[in-house]
Amino acid sequence: MSTSPAITTAAGPTGRPGASGTNRDRGALASGLLFLGGAALLALAVRPDVSNPPFQGLDERWLRWMGGPHEGPYAVAAAALDWFGGPPGIVVPLGLLALLLVRRLWVSAGFLLVTHLGANMLVVQGLKHLVDRPRPENPLVRVDHGSFPSGHAASAALLVVLVGVLLVPAARRRAWWPAGAVFTLAMMWSRTWLHAHWLSDTAAGAAAGAGIGLLAWWLCAPALLRERARVHDRRGAAVNATDPVPQG
């Protein structure tokens with residue numbers, strides 16, 4: 001019988017849940033703090049002079065490399081990623097939320113909802129208002145205020161963590177994380193190729209999204225693990241109830 005995604009909810013990045021059912025994976029905590037610390041350092045570097053931070057030369061050089069031509073398959077890929085990370089792309093986390101609710105995984109659903117809303121509405125939007133960095137000139141897509149950090153990159157990295165926690169079996173996560181990193185890098189590329197963000201904006205966004213997801217995972221691991229155990233016990237009881245009774 002294949003392993004259900006619900007049975008792998010609380011395992012750590014290596015796929016090994018705590019032996020007592022309450023241990024939190026230190027790798028998730030360390031990685032989350034490292035990513036969030038990186039995003040914070042970038043914000044501190046940009047905030048004093050939003051028009052000319054220390055790495056503005058690198059940002060401008062990268063933007064020149066993204067000069068075009070903006071057509072062909074690259075344009076199609078960038079447009080798809082722009083859609084995915086924008087308001088229409090909310091259908092993806094909403095679909096995941098609906099799946100968890102249908103399966104009556106209330107803890108997992110709450111973890112997804114609170115983490116997604118907290119990361120986007122508090123962390124990303126909070127940094128946008130705090131830093132208020134101007135965007136590159138002439139973006140090729142519609143954008144809102146504040147270039148720092150990239151909300152698209154943050155959403156991509158956060159979704160990678162959430163899907164890895166809630167859907168990907170623990171034994172397959174070693175392959176999932178590199179694939180998720182490639183997806184996040186593609187989103188970062190698309191935002192700079194569309195001239196919607198500076199390169200450092202996308203790095204900060206990806207770090208913030210991944211950091212929030214990993215820290216939320218670390219905080220919620222005991223509750224997720226208990227839900228995992230309940231689902232396992234419930235399914236075991238259902239299988240036992242359907243076994244034929246031996247005849248004497």
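Biologist: Where is the place of Leu 94?

Modeller: Leu 94 sits in helix α4, and please keep in mind that what we are looking at is a predicted model.

Biologist: New topic: at what angle do α3 and α7 pack?

Modeller: Helix α3 (residues 73-85) and helix α7 (residues 173-193) pack at an angle of about 105°, and their axes are 9 Å apart. Angles of 65 to 115 degrees count as roughly perpendicular, and α3 and α7 are therefore roughly perpendicular to each other.

Biologist: Which residues make the contact?

Modeller: On the α3 side they include Tyr 74, Leu 81, Asp 82 and Phe 84, while on the α7 side Phe 183, Met 187, Trp 189 and Arg 191 are among them. Sorted by class, this contact of α3 with α7 has eleven nonpolar, two polar and two charged residues.

Biologist: What do the side chains of Arg 191 and Asp 82 do?

Modeller: They meet in a salt bridge, with 2.7 Å from N to O. The pair links distant parts of the chain, since Arg 191 belongs to helix α7 and Asp 82 to helix α3, 109 residues apart.

Biologist: How many salt bridges does the structure hold?

Modeller: There are four salt bridges in the structure.

Technical notes:
Residues numbered from 1 in each chain as written. Predicted model: local features only at pLDDT ≥ 70, side-chain atom pairs only at ≥ 80, totals over all residues. Heavy atoms only, no water. Axes fitted to C-alpha atoms, helices over the stretch in contact; angles between N-to-C directions. Helix = DSSP H or I, 4+ residues; strand = E, 2+ residues; numbered from the N terminus. Parallel < 35°, antiparallel > 145°, perpendicular 65-115°, else oblique. Contact = heavy atoms within 4.5 Å. Nonpolar A, V, L, I, M, F, W, Y, C, P; charged D, E, K, R; others polar.
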